[in-house]
Amino acid sequence: MRSPQASGPVSLGLFAVLAVLYLGMRLVLLGAAGYEVDVNQYKEWALGGGLMGFPGIYENTSADYPPASIGVFWLVGKAFVLSQPPFAPGEIPVEVVPTWLIRLPHLVFDLLLGFLLYRVVAFGGLWGTRRQGPGWGRLATLAYWWNPAVLFGSAWWGQFDSMHAFLAVAAIAALGGDRWILSAAALSAAGLSKPLAAPLVPILVVAAALRRGLPGVAMAGVSGFFVAVLLFAPFWSTGRGVAALQRVLVDVDIMPFTSLNAHNLWWWIGAWQPANAPGFVGLTPRDWGVGIFLLVAGFLLVRSRGWLRQAQEAEYRAGLFVLAAALVSTFFFFSTHMHENHLFLAVPLLVAVSGRSPRFAALAVAASICVFVNEFLHDPVLLLELPEWLAT
């Protein structure tokens, strides 16, 4: 009889070797320039927050992410400022902030997300009764860590998608265990890290209503609201609440275009077109995108109401991940204002169920390829190295 540590296709020894190699590669890539525009913007937020304090970060920098993500950059910036001698008066270039320090949270949340996938696969039965245990969980972790979309977007580019992805996956995992308060808290934190977690809210609301009734919905709502109040508290307590809220809400329309390099429906119709200009039957592209998403989401949730109410244990948990991936993908494909990396969340959601059947494995591979190719084809440096016919 095999020991628990050896069960499954990936032994503890093999995992340790691949994990050490992965960690070494990620540590080397912490210093890579990556997508310099965004990395330098993160440096500005961190430096401004470290110097001026967290409550004033929206006023003193160009920060436009929600407060959960901004809080991470503030912590990084504060640590950097405390480690330095006092700065001389005058403008401080963002280049003084080490690139590795700014990108360290990306690595931390990628590692956490990998271990979360280990837990839900090894002990949650998401890959089925024949594919559970530590060895299968380790395979799920490696499938995420070594995923080309993760290596390119998070490790090379330095896009900060791992935080909201970790929190969103944690929210779905908690929902699968009927832990409504924890699920709502994690989902609220995910949405206040990046709004891309918002498409998952209908799953939480419908599941809570079907399995716990109005008290379940109320419990989830109070939990999510408490987290939001907590994250905005530093701004309200210093009289900056309205300004912070406006900055976060206005961020959506800073670049009001149909597709910002996202290869979705609006890319096919015509990228970088005004998203708020009236079009077909007087509706804007944004109206159409939101409307189509709501229709598809409503159809999926109504069709799924039976198993959402009655399914138990592994079947219920796996179904939630599949439904979450479907809503995230639908939101990306039909919504305006999408960037090339905004499908990232679908990758860990599908990895979580990829071992359940060949169909789910194919979907996970397809999502990973789509995210990787979408990002690679818009890399400002690597694109110049491609043949002209492919670059265009």
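Predicted model: local features only at pLDDT ≥ 70, side-chain atom pairs only at ≥ 80, totals over all residues.
## Salt bridges

The structure has 4 salt bridges. In one of them, R240 pairs with E59, and their closest N and O atoms sit 3.1 Å apart. R240 is in the loop between α10 and α11 while E59 is in helix α3 (residues 57-60), so this pair ties together parts 181 residues apart in sequence.

Next up are K194 and D161, whose side chains meet at 2.7 Å, N to O. K194 belongs to the loop between α9 (180-191) and α10, and D161 to the loop between α7 (148-157) and α8 (162-176), so the bridge ties together parts 33 residues apart in sequence. Both K194 and D161 are buried. Then there's D178, which forms a salt bridge with R211 at 3.4 Å between the closest N and O atoms.

D379 sits in the loop between α17 (358-376) and α18 (388-391). It's buried but has no salt bridge, and the nearest side chain of opposite charge, R103, is 9.5 Å away. What does the side chain of D379 make a polar contact with? That would be the side chain of W157, at 2.6 Å. D379 also touches F152 and W156.

## A nonpolar patch

Over on the surface, W236, V242, L245 and L249 make up a nonpolar patch with about 400 Å² of accessible area together. Helix α11 (residues 241-250) gives the most to it, with 3 residues. W236 comes from helix α10 (residues 201-236) and is partly exposed, at 48% relative accessibility.

How values were computed:
Residues numbered from 1 in each chain as written. Heavy atoms only, no water. Patch = residues over 30% accessible without salt bridge, like charges linked within 9 Å, V, L, I, M, F, W, Y side chains within 5 Å. Areas by Shrake-Rupley, 256 points an atom, 1.4 Å probe, with all protein chains shown as cover. Helix = DSSP H or I, 4+ residues; strand = E, 2+ residues; numbered from the N terminus. Buried < 20%, exposed > 50% of the residue type's maximum accessible area, 1.4 Å probe, protein only. Lys, Arg positive; Asp, Glu negative; His and termini not counted. Polar contact = N/O pair within 3.5 Å; in protein donor to acceptor, adjacent residues only side chain to side chain. Contact = heavy atoms within 4.5 Å. Lists of a residue's contacts leave out its neighbours within four places in sequence.
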